Amino acid sequence: MIINVVFSGGGIKGLAYIGALRFLEEQGIKITKAAGTSVGALFSALVIAGFNAKELAGYIDDFNIETLISYGGGTKAFKKFFDVITKKGIYSIHTLEEFLADILSKKNVYTFKDVKENNDYKLKMMVTEIKTARNVIIPDELPLYNIDPDNFPVARAVVMSCNVPLFYQPYVIGKYAFVDGGIGANYPLWIFDNEKNPTYGFRLTKQNQEQQELLQAISKYGKNIINRIFLSPHEAINDPRTINIVIPDIKMLEFKKGFENCKKLYFMGYQATKDYFIKNGLIKT
């Protein structure tokens, strides 16, 4: 069975995707294209690069949480407050970009040219450009910003999609500023609607909590962003292709708690995926 996959955003809860991928691998299900938002963009990139569930779990075991929360400077409380006011975010995401670029290089993936096939890209992800209040599909819509898609770094696109407002500083390219794609397209299941292979979506959920948390985070940007982006018609919450992974007790930015409970998250992703495929008669029991 060959499928396309779409991963929703949801912060550290995305570790559950490792369990989901493990189940797909056990069933011999091959992924030909992947898309996602925020942490979903991260796992999409890793999957298309060729990493399997065992390899990803190994990286989690060795992961240094400081990679996610680099200050790019001092660490005092005043520094945090000053950066929120002047830089519109506490942490720099560039350390994560460097870390991810190094990982992807192990599979010879550097730019979107490396994941291009037949004039299309096997990997897509959502970001939000806050000055124009626009949802952006990377790499497809990069030419709108005078950027060559083929030569755009995959790691850079991923961290742009993961760039939670106020927590991370916006990713600035020229006169544009990019933040988390989850603001307006947290679950872009529609992105492969014109493809011949079936698409299945993996959605991290606790009554849509992940977008509620993002909404609180972006309140500083005002009603313009909320009205033009957040109230997007493109969510596919009730689509029958959706595999809902319910995670009731971990919030998207509770990194330490997520890593401490990584095996629990793996199991949740594995079991939710297994239950869906059995319920829908997609595998033999």
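## Stop one: a buried ring

Pick Phe 277 to begin: with a relative accessibility of 0%, this residue is buried. Keep in mind that you're looking at a predicted model. The rings of Tyr 200 and Phe 277 make a tilted aromatic pair, 5.6 Å centre to centre with 45 degrees between the planes. That pair ties together distant parts of the chain, 77 residues apart: Tyr 200 is in strand β11 (residues 199-205), Phe 277 in helix α10 (residues 262-279).

## Stop two: the core

Which residues touch the most other members of the largest nonpolar core? Select Phe 112, Ile 138, Phe 202 and Ile 245: they do, in a core of 78 residues. Zoom in on Ile 138, and beyond its neighbours within four places in sequence you'll find contacts including Phe 112, Leu 123, Val 127 and Met 160. A separate core of nine residues has Val 6, Met 126, Leu 189 and Ile 191 among them.

## Stop three: charges over rings

Next, show Lys 107, whose charged end sits over the ring of Phe 51, 5.0 Å from the centre. Then try Arg 156, over the face of Phe 152 at 5.8 Å from the ring centre.

## Last stop: confidence

Colour by pLDDT: the chain mean is 85, but residues 71-89 stay under 50. Residues 220-233 are below 50 too.

How values were computed
Residues numbered from 1 in each chain as written. Predicted model: local features only at pLDDT ≥ 70, side-chain atom pairs only at ≥ 80, totals over all residues. Heavy atoms only, no water. Core = buried A, V, L, I, M, F, W, Y, C linked by side-chain atoms within 4.5 Å. Buried < 20%, exposed > 50% of the residue type's maximum accessible area, 1.4 Å probe, protein only. Contact = heavy atoms within 4.5 Å. pLDDT = per-residue confidence, 0-100. Phe/Tyr/Trp six-rings, centres within 6.5 Å; stacked < 30°, edge-to-face > 60°. Helix = DSSP H or I, 4+ residues; strand = E, 2+ residues; numbered from the N terminus. Lys NZ or Arg CZ within 6 Å of the ring centre and 35° of its normal.
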